[in-house]
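Here's a quick briefing on the rings and strands of one protein model. Have a look at the structure first, then we'll walk through it by topic.

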Amino acid sequence: MGDAENIILFPYWCEKELERFKLIGMNWKKLTHTNLKLRFVFVGRWDCNNIDIKKYSKVFEKYGVVSHIVLSTPQSLSRKPTRHDFAKHMFVKTMKYINRFSKSNDGGFALWMESDVMFLKNQWLNKLYDEWSKQKNTLLMGHLVSYKNDTDQIKRNFPNHINGVACYAKNIIEYIPENTFYTSYRAFDVIVYNHLVKNKLMNRIICSEQWKHQLDFDCNEVEFDEVDSDKIILHGCKSNKNFNKLLNAQIKDTA
């Protein structure tokens, strides 16, 4: 697996999200079996300066380098910003930071985590890296959201895209002009995917079958009983019930 450094990004805006990340860190050894070189980056929204991050981030220190940034206040937010606007600014600012301070040509990726994500197999990270590395110069890898893959009875005019919880090239921001994000009302993941496709870079996108997307088109949690055995990572544990259910199941499996 060489000297590639893979980055796990933990974006947060409140302590509830950090508590989830801490639970993952406390159980990292059981949840993740890997020898990959890792860096964990906690990314605070611009209004999170008063949160004591150390008590949440220190649990990851034995597994890789831990960094922490709090993003600067954006100057271009509208008077009535949406949740997409907040996430978009966080994504752009974070990827500019990663592009500036990481080695982008070492073959590693940056995984944009969220607090409603859970790993389903302890080899999840190795399997992601193996899939990412099957082709050279991958820019984006994750779950393709489409009417073929996801349920939307109304069939709204919503473009295909890779869900934002995905693996990104560490220099992804070099391929998408910053203004492209801020002149669109779309979410950052829709913008990233469709800009790459429009610019004939589809061959550098991997639509992975290893992800389970447990959200509807409005990003609401979809209830589930079982998870397909071939999936390695699940996005959509909005409720504590489902998050803790999967966490406890994974800990039990590796006990």
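Two strands count as paired if DSSP finds at least two bridges between them. With that in hand, Phe-42 stands opposite His-68 in E3, and six bridges join E2 to E3, which run parallel. Keep in mind that this is a predicted model.

**The sheet**

- Seven strands make up an open sheet with mixed pairing, in the order E3-E2-E1-E4-E9-E6-E10.
- At the edges stand strand E3 (65-70) and strand E10 (205-207); each has a single partner strand, so one side of each is left without a neighbour in the sheet.
- From one strand to the next, the twist averages 20°.
- Helix H5 (residues 124-133) lies across E1, E2, strand E4 (109-112), strand E6 (140-142), strand E9 (167-169) and E10.
- Relative to E4, helix H5 runs at about 125°.

**Phe-10 and Phe-42**

- Searching the whole structure turns up 21 aromatic pairs.
- One of them is Phe-10 with Phe-42, a tilted pair at 4.9 Å centre to centre and 45° between the planes.
- Phe-10 sits in strand E1 (residues 5-12) and Phe-42 in strand E2 (residues 37-44), so this pair ties together parts that are 32 residues apart in sequence.
- Phe-10 counts as buried because its relative accessibility is 0%, and Phe-42 is likewise buried, with a relative accessible area of 0%; the cut-off for buried is under 20%.

**Trp-28 and Phe-119**

- The ring centres of Trp-28 and Phe-119 are 6.0 Å apart with the planes at 90°, so this pair is edge-to-face.
- Trp-28 belongs to helix H2 (residues 28-31) and Phe-119 to strand E5 (residues 117-119), so the contact ties together parts 91 residues apart in sequence.
- Trp-28 is buried at 2% relative accessibility, and Phe-119 is buried at 1%.

**The aromatic cluster**

- Phe-10, Phe-21, Trp-28, Phe-40, Phe-42, Phe-60, Tyr-63, Phe-119 and Trp-124 form one aromatic cluster.

**Charges over rings**

- Which ring has Arg-20 over its face? That's Phe-243, with Arg-20 at 4.2 Å from the ring centre.
- Arg-45 has its charged end over the ring of Phe-86, 4.8 Å from the centre.

Note on methods
Residues numbered from 1 in each chain as written. Predicted model: local features only at pLDDT ≥ 70, side-chain atom pairs only at ≥ 80, totals over all residues. Heavy atoms only, no water. Phe/Tyr/Trp six-rings, centres within 6.5 Å; stacked < 30°, edge-to-face > 60°. Helix = DSSP H or I, 4+ residues; strand = E, 2+ residues; numbered from the N terminus. Buried < 20%, exposed > 50% of the residue type's maximum accessible area, 1.4 Å probe, protein only. Lys NZ or Arg CZ within 6 Å of the ring centre and 35° of its normal. Axes fitted to C-alpha atoms, helices over the stretch in contact; angles between N-to-C directions. Contact = heavy atoms within 4.5 Å.
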